[in-house]
Amino acid sequence: MRNAILTLMVACLACVGAAQSAADLSKQLRETDYRFMQALGNGDHKALDEILDNNAVVVTSAGKVGPRDHMINAVRTGMTRVTRVAIEHESVTMHGDTAVVSERTHSRGLARGEKIDTWLQILRVYMHKDGKWRLISYQSTRILPAK
């Protein structure tokens, strides 16, 4: 009986720990995502280097597909500086150690050295690896005005 009670207590503690862990993971994800978006706006290429996974895939609103280093270099050189003016329909969906962040945003700044002032649909995919959230995919799609 004593072993059964001990086993039940350990199982209950594991369930509580898992629930807290999921909340902690979600909080860490949101903090990492906020740091990522801040880095795009303030030119913090070092933060991007920490957050972007070595094998990250980046798809720009111009449809160009490239590795993480293209994004990091564009921010480092000042060719990309993006600020979000308004955010609509932001959502975070957790899938275990993977998370999808989706948002519709009005962005201003520079992209590829040219001024932008447009609405974008952005999708960011993160994976929890080695105790940190790493951005593994980023896609930005320009939303055309309704006719």
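I took a salt bridge to be a side-chain nitrogen of Lys or Arg within 4 Å of a carboxyl oxygen of Asp or Glu. The model I looked at is predicted.

**Entry 1: salt bridges**

By that cut-off I found nine salt bridges in the structure. I looked up several of them one by one.

I began with arginine 124 and glutamate 103, whose closest N and O atoms are 3.5 Å apart. That distance is within 4 Å, so I count the pair as a salt bridge. Arginine 124 sits in strand E5 and glutamate 103 in strand E4, so the bridge ties together parts 21 residues apart in sequence. I then checked burial. Arginine 124 has a relative accessible area of 0% and is buried. Glutamate 103 is also at 0%, and buried. Which residues do salt bridges with shared partners join into one network here? I noted Asp33, Glu103 and Arg124.

Next I looked at aspartate 49 and arginine 68. Their side chains meet in a salt bridge, at 2.6 Å from N to O. Aspartate 49 belongs to helix H2 and arginine 68 to helix H3, so I have this down as a link between distant parts of the chain, 19 residues apart.

The last pair I looked up was arginine 35 with glutamate 50, a side-chain salt bridge of 2.9 Å, N to O. Arginine 35 lies in helix H1 and glutamate 50 in helix H2, so this bridge joins parts that are 15 residues apart in sequence. I have arginine 35 as partly exposed, at 39% relative accessible area. Glutamate 50 is partly exposed as well, at 49%.

**Entry 2: the nonpolar core**

I turned to the largest nonpolar core, which has 23 residues. Which of its members touch the most other members? I listed Phe36, Leu40, Leu48, Leu52, Met71, Tyr126 and Tyr138. At least two core residues come from each of helix H1 (2-42), helix H2 (45-51), strand E1 (52-59), helix H3 (68-77), E4, E5 and E6. H1 gives the most, with six residues. For background, I noted that nonpolar side chains tend to be buried together in soluble globular proteins.

Leaving out residues up to four places away in sequence, tyrosine 138 touches Phe36, Leu40, Val57, Val58, Val59, Met71, Ile122, Leu123 and Arg124.

**Entry 3: positive phi**

I checked backbone angles with one point in mind: most residues other than glycine have a negative phi. I wrote down two residues with positive values.

Arginine 112 has a phi near 55 degrees, and it is not a glycine. I placed arginine 112 in the loop between strand E4 (98-111) and strand E5 (114-129). Its relative accessibility is 38%, which I recorded as partly exposed.

Aspartate 130 has a positive phi of about 50 degrees, again without being a glycine. Aspartate 130 lies in the loop between E5 and strand E6 (132-142). Why do I call aspartate 130 exposed? Its relative accessible area is 82%, and exposed means over 50%.

Technical notes: Residues are numbered from 1 along each chain as its sequence is written. This is a predicted model: local features need pLDDT of at least 70, side-chain atom pairs count only at pLDDT 80 or more; totals for chains, interfaces and linings use all residues. Side-chain values use heavy atoms; hydrogens and water are left out. Helices (H or I, at least four residues) and strands (E, at least two) are DSSP runs, numbered from the N terminus. Buried means under 20% relative accessible area, exposed over 50%, partly exposed in between (1.4 Å probe, protein chains only). A nonpolar core is a set of buried Ala, Val, Leu, Ile, Met, Phe, Trp, Tyr and Cys residues joined through side-chain atoms within 4.5 Å. Contact means heavy atoms within 4.5 Å.
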